[in-house]
Amino acid sequence: MPEGPELHLASHFVNEACRELVFGGCVEKSPVSRNPEVPFESSAYHISALARGKELRLTLSPLPGAQPPRGPLALVFRFGMTGSFQLVPSDALPPHAHLRFYTAPPDPRLALCFVDIRRFGHWDLGGKWQPGRGPCVLLEYEQFRENVLRNLADKAFDRPICEALLDQRFFNGIGNYLRAEILYRLKIPPFEKARTVLEALQQRRPSPELTLSQKIRAKLQNPDLLELCHSVPKEVVQLGGKGYGPESTEEDFAAFRAWLQCYGTSGMSSLRDRHGRTIWFQGDPGPLAPKGGKSRKKKSKGAQRGPEDQVEDPPPPNKAPSRTRRARRGLPEQTAAQQPKGTSLQRDPEAPRVPEKGKRRRQPATSGRRRPQKIKADTPSLEPEETSAS
């Protein structure tokens, strides 16, 4: 899923690719998209982009003298699971190009496309950022830090730190792979209480006796969690390319994969949080780890399966059809000689017949009255509460 760095890289791509291009005509939406139509038409306009957290704003600006006369239009995109922008020849549109901006004549014409394979992405007209999202971890670090430390009484911080990091009201731009990398570098258990982790940062202030260069060096050598929420996404941006996503080239993805230290790498453990998202970590998961959740380790390719693997992943049960199933399928019954070895027990013909496990023998009725059937009371659904924008 595209996170803050991917949105930032996408805005950089749009600005670089479209800098010298003049677009013209109507904006075209695919008929299968459920997103709104874009009522914009101009004979000549420029396109620019700006990212903030997990959103990207695209601005269409008509050039002087363009017809019909009109003002600029802005759209705000959220990429969902697979959103991205591509610039392609107008006669070779990629599949799943759900919004298309065409360059003005003469030929050869190009198309800037918003491509979204799974169609979870969304755009809104008007250019306003989604209400409730906090400051961007990449571009608004000081406001981001202040917003988190000022709101530690919020119930979002009662939860594990791995879940709080996905709350876009406070961590706008952080997603699944970034949270794993940040917690891993600080050796913080993912299911430690968020408030416990962050309250310590309220008291953290550099000594007034340190010079400015000494303060900067101390921050670089011993960054806290909020500082890593800013610096780790910057590292991904500095890798270049398009970051983590379905449209990344093999070279882009190889660089990103080499950069990862924890997320999806061999030797790391994983658990699902209460929203069903996998968190990767090393060591103790923390006191708020889900009860009954089994931690699984990522194995390197070609690794030998040990005894512990055989316990975790038992062999599948015998698939030989039962007598009833065989009769239903019209298959002949198996004789004792034909039965697979070890799948049946010899029964003493003189021994009393024991009812099969799980089946209750029917008792003869003693009266014409039937016992009333017990009805279980309905239990309330325990669905996870949605507290943050994705």
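Helices (H or I, at least four residues) and strands (E, at least two) are DSSP runs, numbered from the N terminus. I wrote that down first, as my entries use these labels.

**Ground rules.** I am looking at a predicted model, where local features need pLDDT of at least 70, side-chain atom pairs count only at pLDDT 80 or more, and totals for chains, interfaces and linings use all residues. Residues are numbered from 1 along each chain as its sequence is written, and side-chain values use heavy atoms, with hydrogens and water left out.

**Pro131.** I looked up Pro131 and found it in the loop between β9 and α2 (141-150). Is Pro131 buried or exposed? I noted a relative accessible area of 75%, so Pro131 counts as exposed; the cut-offs are under 20% for buried, over 50% for exposed, and partly exposed in between (1.4 Å probe, protein chains only). I also checked Pro131 against Arg169: they are 38 residues apart in sequence, and their C-alpha atoms are 9.1 Å apart in space.

**The sheet.** Next I traced an open sheet of four strands, in the order β2-β7-β8-β6, with antiparallel pairing. Two strands pair if DSSP finds at least two bridges between them. Which strands stand at the edges? They are β2 (28-29) and β6 (83-89), each with a single partner strand, so one side of each has no neighbour in the sheet. I followed β6 to β8 and found seven bridges in the antiparallel sense. Along the way I saw Leu87 opposite Leu112 in β8. Helix α1 (residues 4-17) packs on this sheet and touches β6 and β8, where contact means heavy atoms within 4.5 Å. The direction of α1 makes about 20 degrees with that of β6; axes are lines fitted to C-alpha atoms, for helices over the stretch in contact, and angles run from 0 to 180 degrees between N-to-C directions.

A reminder to myself: most residues other than glycine have a negative phi, and most peptide bonds are trans.

- I found a cis peptide bond from Gln67 to Pro68, with omega near -10 degrees; Pro68 is in the loop between β4 (55-62) and β5 (73-78).
- I found a cis bond joining Pro105 and Pro106, with omega about 10 degrees; Pro106 lies in the loop between β7 (97-102) and β8 (110-116).
- Arg119 is not a glycine, yet has a positive phi of about 60 degrees. I placed Arg119 in the loop between β8 and β9 (122-125), and at 49% relative accessibility it counts as partly exposed.
- Lys187, also not a glycine, has a positive phi of about 55 degrees. I placed Lys187 in the loop between α4 (176-186) and α5 (194-202), and it is exposed at 57% relative accessible area.
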